[in-house]
Amino acid sequence: MKRWFFLFAALLLGAVAGGVPFSGTDAAELQPVELLYLNRTGGMLEISTDTGDSGRGADLASAFRDLKAGAAGKIFLETADTLLLDPSCVELLNELPQYLRPACGVCLGVGDISKTDLWEINEYLSAHEPGVTLLELRAGQTVIPILRFKLGEMRLVE
């Protein structure tokens, strides 16, 4: 009981002195992301978001660092609902849970994605959820749904 009293007293004293050990983030600075698109361009990984932000790097860590450094606000990945992967990035699935929450849905993007706005893709995937999450893929699920792009149309197939 004495230990808790001294811990509380130390925290209170620290707060009065201006040294609060906890710092918050202003919600206005957050950039909540709903969709991430991961692909390879010119040998580099590229991460693009539905918020218009993007990052590039030789590996996932450097690409996510670049994404966060170049954003106007603080990229908030905890809100990501869907990860759209280029087939060339499938081998990175085991590394992605350290950046995204386990409930994030996953699908492969096949076809001409470059002509489609990520915001439009996010709208489509909000109505047609992939049904497979990062957690399920780590647990052994091997079938990843495919989002096909053809002539400006999208279709989610399994």
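**Close-up views of a predicted model**

**View 1. Asparagine 39 in strand β2.** Asparagine 39 counts as buried, at 11% relative accessibility, where buried means under 20% relative accessible area, exposed over 50% and partly exposed in between (1.4 Å probe, protein chains only). The residue lies in strand β2, residues 35-41; helices (H or I, at least four residues) and strands (E, at least two) are DSSP runs, numbered from the N terminus. Leaving aside neighbours within four places in sequence, asparagine 39 is in contact with Met44, Leu45, Glu46, Asp86 and Cys89, contact meaning heavy atoms within 4.5 Å. This is a predicted model, in which local features need pLDDT of at least 70 and side-chain atom pairs count only at pLDDT 80 or more, while totals for chains, interfaces and linings use all residues. Residues are numbered from 1 along each chain as its sequence is written, and side-chain values use heavy atoms, with hydrogens and water left out.

**View 2. Serine 54 in strand β4.** Serine 54 is found in strand β4, which covers residues 54-57, and with 39% relative accessibility it counts as partly exposed. Its contacts, apart from neighbours within four places in sequence, are Glu46, Ile47, Ser48, Asp66 and Leu67. Although serine 54 and aspartate 66 are 12 residues apart along the chain, their C-alpha atoms are separated by 7.7 Å.

**View 3. The buried residues of helix α2.** In helix α2 (residues 60-70), the buried residues are Leu60, Ser62, Ala63, Phe64 and Leu67. These buried residues pack against β2, β3 (44-49), β4 and β5 (74-76).

**View 4. Leucine 83 and the largest nonpolar core.** A nonpolar core is a set of buried Ala, Val, Leu, Ile, Met, Phe, Trp, Tyr and Cys residues joined through side-chain atoms within 4.5 Å. The largest such core has 27 residues, of which Leu36, Leu38, Leu83, Leu85, Leu93, Leu96 and Leu100 touch the most other members. At least two residues of this core are supplied by each of β2, β3, α2, β6 (82-85), β7 (105-111) and α4 (134-138), and the largest share, four residues, comes from α2. Not counting residues up to four places away in sequence, leucine 83 touches Leu36, Leu38, Leu96, Leu100, Cys104, Gly105, Val106 and Cys107.

View 5. Cysteine 89 is buried, with a relative accessible area of 0%. Counting a disulfide as a pair of cysteine sulfur atoms within 2.5 Å, the model has zero disulfides. Cysteine 107 is in no disulfide, the nearest cysteine sulfur being that of cysteine 104, 9.5 Å away. Cysteine 107 is buried, with a relative accessible area of 0%.
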